[in-house]
Amino acid sequence: MSNVYLNRIRLEQYRTFKTLDIGLPDGPGVLVVHGSNGIGKSSMFDGLEWALTDKIDHFRDADGVKKVGSYLCRWRQGAPGPTSVTLDFSGGNSVSRTLSSSRATKSTVAGTIPNITEFLRDDGWDRDISELSSYLLLTHFLGQSTKSRLTNREPGERFDILKEAAQSKQVEEIAKALHGKGNTKASRAFTDRIDDLNKEVTALRNLLETESSLWSGLTSVGALNDDASTELARVISKLLEQAAGTGQTALITAFDEGTIGNLETRLNGLRDETRSLTTRITSGNETLAAWENASRQLSVLEGAQTAIDAQIASLATKRQDLEEALSSLKNGEDASRLAAKNARDLRDRFKGLKDALQSAALLAQKKDTADADVANARSKLEDESRRLTSLERRLQIVRRIEGDVGRLDERIKLAQSERENVLAWVTRDARIAELRSSIDALEASAPNLDDDIARAIEELVSLDELVEGQERILAELRSTVSAMSSAVASVAANLTHESCDCPVCATHFDTEGELQRRAAGAAERLAPLVLAQETQLTSLIRQRDASKNRLGQLRILEKQRNDLHEALRSEEKVNRDLGASVFGADVTADNERARLRHAQLEKSAADMTWLRQRKWYWRSILSGTLYAPGGEHAAAVRRRDQAQIELSTATQGQDVAARELASITASVAQYDQAFEASPPRGDRLDEALGSAEDDLSAKEAASKQAASDREAVEQDLASLDIAASAAVVRKQQGAGLVDAAIQRRNEAVKAWHELKIEGSGEPDADRLKALTARSTEMRAKLSEAEDLLRQLRDGRTAKTLVENHVVALESLRSAINGAPNCDRLQLRSEAQEALDAKSRAADATQKAKDIAQAASSEILDEVAEFNVNYMKPLASLMKSISRAILCDPRVGIDQHVRNRRVEQSATKEGEVPAEVGQIDPILVHSEGQMAALSVSMLCAASLTYPWSRWRGLVLDDPLQHNDAIHAAAFTDFVCNLVADC
């Protein structure tokens with residue numbers, strides 16, 4: 001089959017259209033539908049989609065979408081006739097979809113095409129088309145709403161639409177039927193079967209284990225019937241009565257369900273009574289031990305208190321004797337200490353006098369030496385000062401010559417500066433002459449410059465007014481033509497081919513279709529009016545631009561003239577000021593005068609330079625190296641300073657020696673005054689000092705002995721005080737212990753009374769022994785009764801086990817449908833065989849599930865990889881088309897197939913930084929760019945997946961927000977597509 005083409009579109013009572021009939025050429029071409037908003041362009045495109053697929057995709061999520069008649073049928077008064085959309089294709093093929101009324105929810109299809117999908121399928125497309133709507137949205141239809149465009153859909157929806165072309169759905173359904181991924185129906189069937197088998201296995205295993213446990217209990221315990229149980233209960237009751245020490249209370253006539261409970265209650269009561277008696281015995285023993293211990297301690301403490309009282313009286317007598325001896329020893333020690341002090345003072349006076357006389361002799365020698373050092377230092381300082389004065393007079397002469405040289409240098413610099421000013425005046429005078437020449441040349445080339453500028457300004461203002469007036473006229477004309485065109489287009493759109501009377505002017509046309517043809521061409525006849533006005537406006541704009549250029553050139557000449565005049569005035573002012581400073585304020589400067597002044601200054605500078613050289617020569621002769629760093633003058637200064645330092649040091653030493661000598665002389669005079677007779681000197685002083693030291697040694701020894709005796713008595717007295725204090729403390733502690741022992745004994749008697757043990761008022765060991773014997777006898781009786789009661793309970797339990805085992809065995813027989821006459825071992829063998837069979841079935845089912853899951857996962861992974869590879873050519877071609885329309889390689893979309901989702905990210909080749917990672921293109925590209933990318937994806941899919949014989953592209957407002965440049969690029973691309981068809 002060859003390609004087919006859409007030849008005709010007919011709408012009847014559809015949306016805003018009463019009737020619409022559009023004929024198309026039978027071959028490749030482009031139909032552009034344009035008009036004002038709300039005229040019905042998108043409704044017509046929606047009619048094509050509805051006629052082919054029975055749905056309109058961008059209405060899919062709207063409320064009431066299933067009530068198609070309510071929004072597809074034309075709203076009108078009168079009889080609601082049927083709504084239909086008819087499409088005629090080449091070869092006489094047609095399809096018509098009809099709604100019977102506005103209440104209809106289902107449409108009917110008529111025409112010569114029995115199967116729309118098979119009619120549109122290309123012969124080379126050998127794969128099934130399961131969803132025609134997805135194919136058309138992928139390769140044919142681009143709606144105005146972004147909801148229907150692939151670039152704005154959810155990733156899961158985008159995958160479902162794109163995978164239709166890959167034709168992997170059947171294989172995917174096979175994989176899901178095997179097992180699938182996740183909680184699929186096949187997976188749940190496997191799991192339910194495995195759970196049922198495992199439950200049956202668990203139930204059989206529990207029955208077998210219950211039967212085995214009951215049988216084991218039967219073999220280890222003997223059962224008791226009612227008679228044996230009654231006899232054993234009577235024995236137990238008698239033992240309990242003996243343990244309680246009472247007579248027979250009640251005879252057990254027959255065993256019943258409450259017998260064991262009653263016996264246990266009595267046994268527990270006697271156990272509590274025994275434990276209470278044991279507790280009383282234990283407390284009684286503890287109370288008896290506490291009472292006996294307190295009594296023994298009280299006897300010992302009373303004897304200790306009597307001994308402590310005797311010790312305290314003896315210590316008081318000893319203390320009185322030691323206090324009297326201490327007073328006598330203190331008086332003797334004071335007398336010995338005073339005698340030793342007097343002897344020490346005499347010895348110190350003799351010793352101080354001797355030391356002072358020796359120091360006075362040494363200091364007299366030191367002062368003589370200091371006087372000689374001062375005289376030598378003063379003489380040396382005077383010699384060095386005379387040498388330094390001579391060198392400084394010579395230095396003054398050198399400094400005076402250096403001052404003359406400095407002043408000559410300043411005069412030479414001044415003469416040089418004046419010569420430079422003369423040269424600058426000459427240079428600037430030449431510049432002034434050059435500026436005057438340029439001004440004359442400019443004025444000669446444009447003698448009437450100001451008048452020319454005024455005329456150019458007037459001309460430009462006039463042209464601006466004309467342009468503004470023409471622009472207003474053009475804007476009004478465009479508005480008028482646009483309104484008239486819209487009105488004419490609206491009228492033409494609602495005219496039928498049979499209409500002959502104009503609804504605007506009521507003009508009648510005899511030929512059918514003539515009115516429709518003229519109405520369609522009326523808007524085009526208005527265009528020349530706008531074109532003529534635009535041509536006239538363009539001519540005026542060119543004249544205004546030429547006037548602006550002429551005015552700009554004149555302004556440039558004016559600026560050049562003004563700049564030259566300003567530069568001339570500036571140069572003349574600077575040269576006048578420079579000439580006044582060089583030649584004088586009253587002198588008229590010229591080049592000859594400047595030459596003479598320059599010669600004079602040059603000769604004066606040469607003379608001053610010769611005089612400077614002569615002075616510097618004599619300065620070098622006089623100074624030489626005397627005043628250089630480290631020279632003779634510096635050495636003389638250092639020597640003079642060193643002599644000054646030595647004199648200062650010697651003078652200080654002389655003053656110190658004099659002060660020390662005067663101080664020691666005063667000390668000797670003070671020692672002499674201390675002696676009433678003539679002060680001793682020489683050998684007599686040495687003898688007196690030796691005698692005083694011997695006397696001091698004897699008296700210090702006597703003083704030390706007296707102090708030692710006194711300290712020994714004080715130590716004895718301190719030891720006695722400590723012993724007395726310790727005895728008092730022990731007496732106080734003993735009194736406390738006695739009180740505590742009495743209190744413990746009283747508490748023990750009180751505790752004995754609280755135990756309510758019959759007998760004496762104080763703790764009694766014999767009474768406790770009798771109670772202990774009674775307790776031992778009760779425990780023995782209760783232990784024997786407890787053993788018999790346990791035997792009774794086990795016997796009755798064994799009887800219950802027999803009954804339960806019979807029930808369990810019958811349950812096992814019922815579970816496997818066992819024969820009524822088979823024994824226990826045969827029944828268990830059959831049950832085990834059934835359990836093993838069900839376990840094998842569960843394992844086999846689980847193994848089959850694992851195999852199916854692995855195979856299903858492998859198939860789905862290969863299908864996903866196949867889908868990815870099948871979609872790769874689409875992405876490459878889409879980028880090429882995007883570059884053709886947008887003319888910018890940075891704007892694009894990358895497709896990523898992951899987990900049944902086709903995700904999008906902005907192209908990395910552009911301005912998206914690498915660190916940003918994948919980012920939704922909606923967050924990066926503009927609305928216009930996203931619209932162009934939607935066109936690119938549709939066209940790329942149409943070229944990549946040639947499934948249909950009808951190669952038509954139905955594009956509703958394809959570029960939306962794009963500018964004229966991108967619209968032109970899109971037009972070229974569409975023309976190339978049509979040319980290739």
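1. Terms and basis. A residue is called buried under 20% relative accessible area, exposed over 50%, and partly exposed in between, with a 1.4 Å probe and protein chains only as cover. This is a predicted model, in which local features need pLDDT of at least 70 and side-chain atom pairs count only at pLDDT 80 or more, while totals for chains, interfaces and linings use all residues. Residues are numbered from 1 along each chain as its sequence is written, and side-chain values use heavy atoms, with hydrogens and water left out.

2. Overall make-up. The chain has 981 residues, and 34% of them are buried. Its secondary structure comes to 18 helices and 9 strands; helices (H or I, at least four residues) and strands (E, at least two) are DSSP runs, numbered from the N terminus. Accessible areas come from the Shrake-Rupley method with a 1.4 Å probe, and for residues only the protein chains shown count as cover. Of the contacts (heavy atoms within 4.5 Å) between residues at least 6 apart in sequence, 74% join residues at least 24 apart.

3. Nonpolar cores. A nonpolar core is a set of buried Ala, Val, Leu, Ile, Met, Phe, Trp, Tyr and Cys residues joined through side-chain atoms within 4.5 Å. The largest one has 70 residues, and Leu-52, Leu-87 and Phe-89 have the most contacts inside it. Helix α17 (residues 927-944) supplies the largest share of this core, 9 residues. Another core lies apart from it and has 17 residues, including Leu-239, Leu-240, Phe-255 and Leu-792.

4. Surroundings of Phe-89. Which residues does Phe-89 touch, not counting residues up to four places away in sequence? They are Tyr-5, Leu-6, Asn-7, Leu-52, Val-95, Ile-113, Phe-119 and Trp-950.

5. In one of them the side chains of Arg-10 and Asp-88 meet at 3.3 Å, N to O. Arg-10 lies in strand β1 (residues 6-14) and Asp-88 in strand β3 (residues 83-89), so the pair ties together parts that are 78 residues apart in sequence. Asp-88 is buried because its relative accessible area is 15%; Arg-10, at 27%, counts as partly exposed.

6. Salt bridge between helices. Asp-409 and Arg-612 join their side chains in a salt bridge of 2.4 Å, N to O. Asp-409 belongs to helix α9 (residues 259-445) and Arg-612 to helix α12, so this pair ties together parts that are 203 residues apart in sequence. Both ends are partly exposed: Asp-409 has a relative accessibility of 24%, and Arg-612 has a relative accessible area of 25%.

7. Other charged groups. The side chains of Glu-118 and Arg-121 form a salt bridge of 3.2 Å, N to O. Glu-118 is partly exposed at 41% relative accessibility, whereas Arg-121 is buried at 13%. Asp-57, Arg-60, Asp-61, Lys-147 and Arg-153 are linked in a network of salt bridges.

8. Cysteines. How many disulfides does the structure hold? The count is 0, a disulfide being a pair of cysteine sulfur atoms within 2.5 Å. Cys-73 is buried, with 3% relative accessibility, and Cys-939 is buried as well, with 2%.

9. Helix α4. Helix α4 (residues 132-139) is mostly covered, as 8 of its 8 residues are buried. Leu-132, Ser-133, Ser-134 and Tyr-135 are among them.

10. Tyr-617, Trp-618 and Ile-621 form a nonpolar patch on the surface, with about 340 Å² of accessible area together. Patches are made of residues with over 30% relative accessible area and no salt bridge; like charges are joined within 9 Å, and nonpolar side chains (Val, Leu, Ile, Met, Phe, Trp, Tyr) within 5 Å. Tyr-617 sits in helix α12 (residues 591-623) and is partly exposed at 46% relative accessibility.

11. Glu-632 and Leu-391. Glu-632 is in helix α13 (residues 632-674) and is partly exposed, with a relative accessible area of 45%. The C-alpha atoms of Glu-632 and Leu-391 are separated by 8.7 Å, although the two residues are 241 residues apart along the chain.

Conventions: A salt bridge is a side-chain nitrogen of Lys or Arg within 4 Å of a carboxyl oxygen of Asp or Glu.
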